[in-house]
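Dear colleague,

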Amino acid sequence: MRVLVVSAPLVGHVFPLVPLAVALRDAGHDVLVATGGGALAATEAGLPVHDIAPGFDFGRIAMRVFPRHPLIARAELAGTAGTRGAGLLFGALNDQLTDPVVELATQWRPDLVLYEPFAVAGAVAAARLDVPAVRQENSLFDGRDLVRATVARLGPALRRHGLSELPAPAAALAVAPPSVAIQGGWPMRYTSYVGGGELPVWLREPGERPGSWSPAAP
């Protein structure tokens, strides 16, 4: 099976998807990650990555979007905007991402698209190709609210690809414990990914006391 994993071009968005992408690859599936910017660091996990946002600059998007919506910008700075500010930013971002993601999906022909709440361009591509889409949460927020906020600003991109609305995903994966946040979908244990690297020698050495770190620890 071919799985296209779509993430916003930000490290904090793609890293929560990496463990599942690696598990799919290790199970024998072909996996391709579509992202950009700092999130291209997903290559460190040994995953093939396609840059869908060359020259990505999130600050440039914010400088273009927020001056048009000063009240939401002010609320965002005060921490009271809810999903409105994020919807503005990621709606504008996904308007840019949708065409390259659809083009990549059309060429690569995935059997399944896995996307995160702020990368609804993946859901658009899945709908365009008529293949299942699965949303994986990547935060403690409810992805349904995040998607609604983003899609509310995505009308032109949807129309460009013949959609009047964004279809619901075939499934959703919830990563937050129910005691912490309510997320709709199948529960999946969250596994973090922080990049590759060698285990430092001092972590392999015994400490002075049982259970203590090595005295050579920096």
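This is a predicted model: local features need pLDDT of at least 70, side-chain atom pairs count only at pLDDT 80 or more; totals for chains, interfaces and linings use all residues.

I began with strand E1, which spans residues 2-6. Four of the five residues of E1 are buried, so the strand is largely enclosed by the rest of the structure. E1 runs parallel to strand E2 (residues 30-35), to which five bridges join it, and within this pairing Val5 stands opposite Val33. E1 also pairs in the parallel sense with strand E4 (residues 112-115), here over four bridges, and in that case Val3 of E1 faces Leu112 of E4.

Ser7 is placed in the loop that leads from E1 to helix H1 (11-14). With a relative accessible area of 0%, Ser7 is buried, because a residue counts as buried when that value is under 20%. The side chain of Ser7 comes to 3.3 Å from the backbone nitrogen of Val14. Beyond its neighbours within four places in sequence, Ser7 is in contact with His13, Val14, Leu17, Ala34, Thr35, Ile52, Glu116 and Ala119.

The second residue is Asn94, which sits in helix H5 (residues 84-108). Is Asn94 buried or exposed? Its relative accessibility is 0%, and Asn94 therefore counts as buried. A polar atom of the Asn94 side chain lies 3.0 Å from the backbone nitrogen of Val120. If residues up to four places away in sequence are set aside, Asn94 touches Phe118, Ala119, Val120, Ala121, Thr150 and Leu154. The residues lining the largest pocket are Arg64, Val65, Arg68, His69, Leu88, Gly91, Ala92, Asp95, Arg153 and Pro156. Helix H3 (58-65) and H5 are the elements that give two or more residues to this lining, and the largest share, four residues, comes from H5. Sorted by class, the lining of the largest pocket has four nonpolar, two polar and four charged residues.

With best wishes

Notes. Residues are numbered from 1 along each chain as its sequence is written. Side-chain values use heavy atoms; hydrogens and water are left out. Buried means under 20% relative accessible area, exposed over 50%, partly exposed in between (1.4 Å probe, protein chains only). A polar contact is a pair of N or O atoms within 3.5 Å; within protein, one must be able to donate a hydrogen and the other to accept it, and residues adjacent in sequence count only if both atoms are side-chain atoms. Contact means heavy atoms within 4.5 Å. Two strands pair if DSSP finds at least two bridges between them. On a 1 Å grid over the protein atoms alone, a cavity is a set of points where a 1.4 Å probe fits but cannot get out, and a pocket is an open set with protein on both sides within 12 Å along at least five of seven lines; lining residues have an atom within 4 Å of a point. Ala, Val, Leu, Ile, Met, Phe, Trp, Tyr, Cys and Pro count as nonpolar, Asp, Glu, Lys and Arg as charged, and the others, Gly among them, as polar.
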